[in-house]
Amino acid sequence: MGRRPNRGSGTPGPADRVKLEIQFDKVQLLGALFGQYDQNLIALEGQLGVYISARGNRVVVEGQADAAARTRDVLTSLYARVLKGDNIDTGDVIGAVALASEPMLEGLLHADTGPPATAAIRTRRKTIVARSPTQVRYIEALGSSDVIFALGPAGTGKTYLAVAQAVSQLISGSVDRLILSRPAVEAGERLGFLPGDMKEKVDPYLRPLYDALYDMLPAEQVERRLASGEIEVAPLAFMRGRTLANAFIILDEAQNTTPLQMKMFLTRFGERSRMVICGDPNQVDLPVPGSSGLIDAVRRLDGVEGIACLRFSVREVVRHPIVGRIVEAYEGPAQDG
């Protein structure tokens with residue numbers, strides 16, 4: 001890796017700069033750590049305003065003392081993940097930087113300990129590691145609370161992490177069934193008549209849940225478990241009249257439920273079950289404004305024993321960074337003209 005111009009902003013003056021050197025044991029793993037064309041290092045430079053150079057198994061970080069130390073912690077934590085066989089991308093880098101900036105999470109990123117169990121979820125196909133401070137608390141709640149509300153904009157990992165935890169518990173045998181549901185509400189469109197049987201009519205609404213499943217499990221396992229009923233993907237209307245025991249139940253796009261639908265769904269809760277309700281209160285597609293069952297439920301239930309409520313911010317969007325900027329632009333003050 002050759003030297004590159006610093007891509008960070010707010011470059012410190014010479015008197016404020018320090019140099020830190022990091023040595024890695026296995027030079028053959030550094031390609032995976034650095035990313036294709038050093039994209040992970042470039043992202044790290046941009047996030048922390050440092051300058052990184054590498055030769056052999058040595059990496060030198062130059063920048064302000066705090067930023068250089070955070071860069072060292074991020075690199076050593078990501079190297080620990082590469083040692084375990086994880087693939088690292090720029091999203092992992094951005095998430096690790098966010099975690100490194102949280103004083104309450106000091107020690108979370110050091111290579112000698114690695115991420116604690118509560119900050120990662122293991123599935124058959126991958127290990128999902130928290131990428132933001134709220135994701136750390138969310139993963140902890142997914143393992144301990146009976147009912148979890150996850151609120152926030154698209155791209156913060158609400159549904160993805162819930163599906164990951166559900167698949168993990170299904171694989172381990174701690175639940176017998178995984179039930180994924182969404183209200184079949186069109187997002188500002190009128191699609192009219194849809195051809196096919198009931199499954200073919202509702203599947204387009206449920207496609208994001210299928211996508212997450214196939215990301216966690218081999219395709220043949222998803223198909224087998226769907227056929228056997230271990231995994232059920234169904235619209236919210238199909239939940240009425242049921243008691244869902246020994247199951248992990250996820251309701252996605254919950255902002256598009258009515259208060260009566262939400263009450264119906266929450267009262268399906270049975271013995272040895274866990275329920276996760278995900279949604280963005282700022283993206284309600286219901287025809288009547290102010291009628292969201294998610295907003296109503298959080299107002300009524302926030303603080304009730306056994307119920308956790310996690311709120312993600314725009315700053316915690318873990319898709320491409322431009323997604324966070326788009327969400328922030330849309331949710332900020334209205335522009336005239």
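Two strands are taken to pair if DSSP finds at least two bridges between them, where strands (E, at least two residues) and helices (H or I, at least four) are DSSP runs numbered from the N terminus. The structure is a predicted model, in which local features need pLDDT of at least 70 and side-chain atom pairs count only at pLDDT 80 or more, whereas totals for chains, interfaces and linings use all residues. Residues are numbered from 1 along each chain as its sequence is written, and side-chain values use heavy atoms, with hydrogens and water left out.

Under the pairing criterion, strand β7 (residues 177–182) and β8 run parallel and are joined by five bridges.

In α9, the buried residues are M262, M264, F265 and L266. These buried residues of α9 pack against β6, β9, β10 and also α10 (293–301).

A further open sheet contains three strands in the order β1-β3-β2, and its pairing is antiparallel. Because β1 and β2 (51–55) stand at the edges with a single partner strand each, one side of each is left without a neighbour in the sheet. The twist in this sheet averages 20° from one strand to the next. Five bridges connect β2 with strand β3 (residues 58–64) in the antiparallel sense, and R55 has R58 of β3 as its bridge partner. Helix α3 lies across β1, β2 and β3, running at about 150° to β3.

Aromatic pairs were assigned to rings of Phe, Tyr and Trp (its six-membered ring) whose centres lie within 6.5 Å, with planes under 30 degrees apart counted as stacked, over 60 as edge-to-face and the rest as tilted. By this rule there are two aromatic pairs. F24 and Y79 form a tilted pair, at 4.7 Å centre to centre and with 50° between the planes. Since F24 lies in the loop between β1 (17–23) and α1 (30–34) and Y79 in helix α3 (residues 65–83), the pair ties together parts that are 55 residues apart in sequence. F24 counts as buried at 3% relative accessibility, and Y79 is likewise buried, with a relative accessible area of 7%. Y138 and F312 form an edge-to-face pair, at 5.6 Å centre to centre and with 85° between the planes. This pair links distant parts of the chain, 174 residues apart, with Y138 in helix α5 (residues 133–142) and F312 in the loop between β11 (307–311) and α11 (321–331). Both Y138 and F312 are buried.

The structure holds zero disulfides, a disulfide being a pair of cysteine sulfur atoms within 2.5 Å. Among the cysteines, C278 counts as buried at 0% relative accessibility, while C309 counts as partly exposed at 21%.

Confidence was examined through pLDDT, the predictor's confidence in each residue on a scale from 0 to 100. The chain has a mean pLDDT of 80, and 80% of its residues reach 70 or more. Among its elements, strand β6 (residues 147–151) has the highest mean pLDDT (96) and α11 the lowest (70). Over residues 1–12 the pLDDT is below 50, and this stretch has 32 contacts in the model beyond near neighbours in sequence. Residues 103–118 also stay under 50, with 26 contacts beyond four places in sequence. Where pLDDT is low, the predicted coordinates should not be read in detail.

Conventions
Buried means under 20% relative accessible area, exposed over 50%, partly exposed in between (1.4 Å probe, protein chains only). Contact means heavy atoms within 4.5 Å. Axes are lines fitted to C-alpha atoms, for helices over the stretch in contact, and angles run from 0 to 180 degrees between N-to-C directions.
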